[in-house]
Amino acid sequence: MEARGEEQIVVKSNVHHTPSGVTGRDVGGGLMKKQTSTVAVSTVTRDFIAAQSPASSSYELLRMVPGTNVAMSDPYNMQSGNFIVRGLNGDEIGFLMEGAPLNNVGTYVTLPSQYPDGDNIDSETLQPTTVDLTAPMIGAAGGLTSMTLRAPSDKFGGQVSATFGSYNTYRQSVRIDSGLIGNSGVKFYVGYSHLLGDNWRGPSAPYHRDHIDFKLQKDWGKIGTSKLVVSYTDYQLDMLTTPTLAQYRADGKNYNYTNKFTGTNTTYYKLHGEAAGTIIVSAPTNLNLLNNSLKVDITPYLYHSWGGFAYGSVLPNSGNAFYGNTPVSLDMSGVPSHGASTVVNVPTVFDIEHPGINTVVAWKKGINTLKVGYWFDYTRQSYETTYGGVSASGAPLSLLGSYSTNARLKNGTEYKSTDWLTTTYTHGLYLGDEVRAFNDKLLAEAGVKLVWIHRPGENNLPGPQSDVGQNAFQVTPQVGFRYQFTPEHQIFLSGNTAFRMPTANSMFNSYNGATGNLLIAGNNQQKNEFSISEEIGYRYTGKEIMATVSFFNYNFTNRQISTAAIINGGSVNTFINAGGETGRGVDIEIGTRPWHHFRPYLSGEYLRVTTDNNLQVGNDYLPTAGKIAVRAPKWSASAGLNYDDGSLFGNVNLKYIDSQYSTFMDDQSLPAHTNVDLAVGYRFRSFSYMKQPELRMNIQNLAGSTYLSGSNSVTGAAHATRGIHGTMIAGSDPTYYLGAGRAFIGTFTVGF
């Protein structure tokens, strides 16, 4: 069940060989593709990707397909956001790049700003609430997203582009293809992009991003192919605020960090920065042996990310504080003081190393194919939070901390509020069987994945914890069926299971640095999240129209819901165990091939997700059983219209998201919103060494509306609520992502 039967169609047309990779023929303007899988699958292709803003992230590229809710907070995808599928949060979605897993195994978080450039993505596929049996992935109950980069060209050449946009944005990129190198069967390309700009709201805070994509391919003839894919990113930015509903209603997009440092305010924008680097490597080899009866796929990979994020806080000039749960006296000699208390920069620095290898062997005999595989993944991640000095102007003396300017204990030890290290060892074993019968009309498959996880951890802060650990063993079976009645009509159905171990940081205590009080109690005995999903659907694949409808149901136990918590002045990811959850709904999408150069597309979803248990808060419970779950809009819909005659092209894309709750008690929600994006461009004729020069204008958020795009944090209740045992449980406000403002983005591209 490795590829779930996905099939590609290549149709030649008058614009098939554009430098940007556009065919001009893909269904729905590149938003649909013929599928033959046993599960629902949506794929976006170069026809759609090449018309988007060059700074579009892997989240944004999937915003039009059914069931997705993309909550972005800036036009250039540098800031934090969220990606929700069928009401399931982005940390529940698995992300693959050329077979390499991108999710942080400790927190399951994804960071789309660190993934490949849209310039170099050939296609991106989403399987909602299902994961391929042989995918190197756990914790992806919400589905699987797979990115494939464009193949290197057989001929030497390339492409350059320059982008100018709103908010002082400038982007330049270049891609060079080697072409086939002699008779070696080797070809490669390297692409580089540089992005500069200012935050779209608040103080004029600059950001930058440098990125490299590299792909080398070696063809072994009939035997197979080997690839080496490398993606590197380095970026730095000042973060945007995530307001509460009251703050949004009072100030709208004017609710921001301040642009003036008073000596005592921690809301100065330069105290809220982020800088990181990431390198992703995948080296898949796919071999066809014994007259294609034996297939071997081997994919070693590496994900390494480093850097940190910082917030503003204060330390008392007296030097009295808590180190873990232990009172200490601080040495503040290296930390400049600007008032009665000392404003400090609080960086959390991380380092994540994530190598692994995934191997799958498939043996075909007649109508039967047996698959076995083994996956090993090693993840080492460390997190440290220190307290650094701030200059008289309010700028951090070192964004990510420096020992010489940090607060220390009297014995010289750095004062920290977080200092932990975990290593995670994951072993996965696959066993599956696939039957194709009646001239491939029938596809039936079944399989099981067995996963062992061992995670030792070290907490170096004083307290009752030091060496802690988590262990898990889980069996996740899945089955699928597809029948092709005619070339146009097919049905499919599937049943899948998934599980997720609690996050690494859930093992460790967090303390208030001023009082020593326990903020979050670590627990290495939390139960694993487990889910069961079912799906049944119908596909129509005609000469001019494609359509898919799928009905789905899923059930969770120990549902882990991501939220944000403020610890010692900084926002950190944490999770709420919401108990049981049930979701069901229907997805539909329709697209056409070109009709007088037009290609319309429609998609939509009806969704109902409920919380099945009361939510524990302290020693009492909020009465949440039967309530509509957070981040689960009842209705969502997309409409796109593409035009491409080979020279003039453009598209307009509309996305509607219904209102959605942000508390488990359903006493606060973010309003429904509609967003419209527009693109228009022209390809000129090639001349001299310039291949099809292209001018394109993208307008994001065409109406310029101000809206909340999603929940950054969720809470039990926004207002004080009486628990089922009579306790009055205090309310707390969720926070939200503020949707990006209107942006004009002009791009000139030319091939050579």
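## Reading strands, rings and cores

Modeller: Let's start at the hairpin of strand 14 and strand 15: four residues lie between the strands, and Leu 290 there takes a positive phi near 50°. This is a predicted model, in which local features need pLDDT of at least 70 and side-chain atom pairs count only at pLDDT 80 or more, while totals for chains, interfaces and linings use all residues. Residues are numbered from 1 along each chain as its sequence is written, and side-chain values use heavy atoms, leaving out hydrogens and water.

Biologist: Which strands are joined to strand 15, and by how many bridges?

Modeller: In general, strands (E, at least two residues) and helices (H or I, at least four) are DSSP runs numbered from the N terminus, and two strands pair if DSSP finds at least two bridges between them. Here, strand 13 (residues 273-282) runs antiparallel to strand 15 (residues 294-316), with nine bridges.

Biologist: How many aromatic pairs does the structure hold?

Modeller: Rings of Phe, Tyr and Trp (its six-membered ring) pair if their centres lie within 6.5 Å; planes under 30 degrees apart are stacked, over 60 edge-to-face, and the rest tilted. There are 21 aromatic pairs in this structure. Take Phe 188 and Phe 214: the ring centres are 5.8 Å apart and the planes meet at 40°, so this pair is tilted. Phe 188 belongs to strand 10 (residues 186-198) and Phe 214 to strand 11 (residues 206-219), so the pair ties together parts 26 residues apart in sequence.

Biologist: Which residues touch the most other members of the largest nonpolar core?

Modeller: In soluble globular proteins, nonpolar side chains tend to be buried together. A nonpolar core is a set of buried Ala, Val, Leu, Ile, Met, Phe, Trp, Tyr and Cys residues joined through side-chain atoms within 4.5 Å. The largest one here has 30 residues, and Val 44, Phe 83, Phe 95 and Leu 102 touch the most other members. Strand 4 (93-97) is among the elements giving two or more residues, and strand 4 gives the most, three. Apart from this core lies another, of 21 residues, including Phe 508 and Val 468.

Biologist: Where does Phe 508 lie?

Modeller: Phe 508 is in the loop between strand 24 (489-500) and strand 25 (510-511). At 3% relative accessibility, Phe 508 is buried. Contact means heavy atoms within 4.5 Å; leaving aside neighbours within four places in sequence, the contacts of Phe 508 include Trp 420, Val 468 and Ile 520.

How values were computed
Buried < 20%, exposed > 50% of the residue type's maximum accessible area, 1.4 Å probe, protein only.
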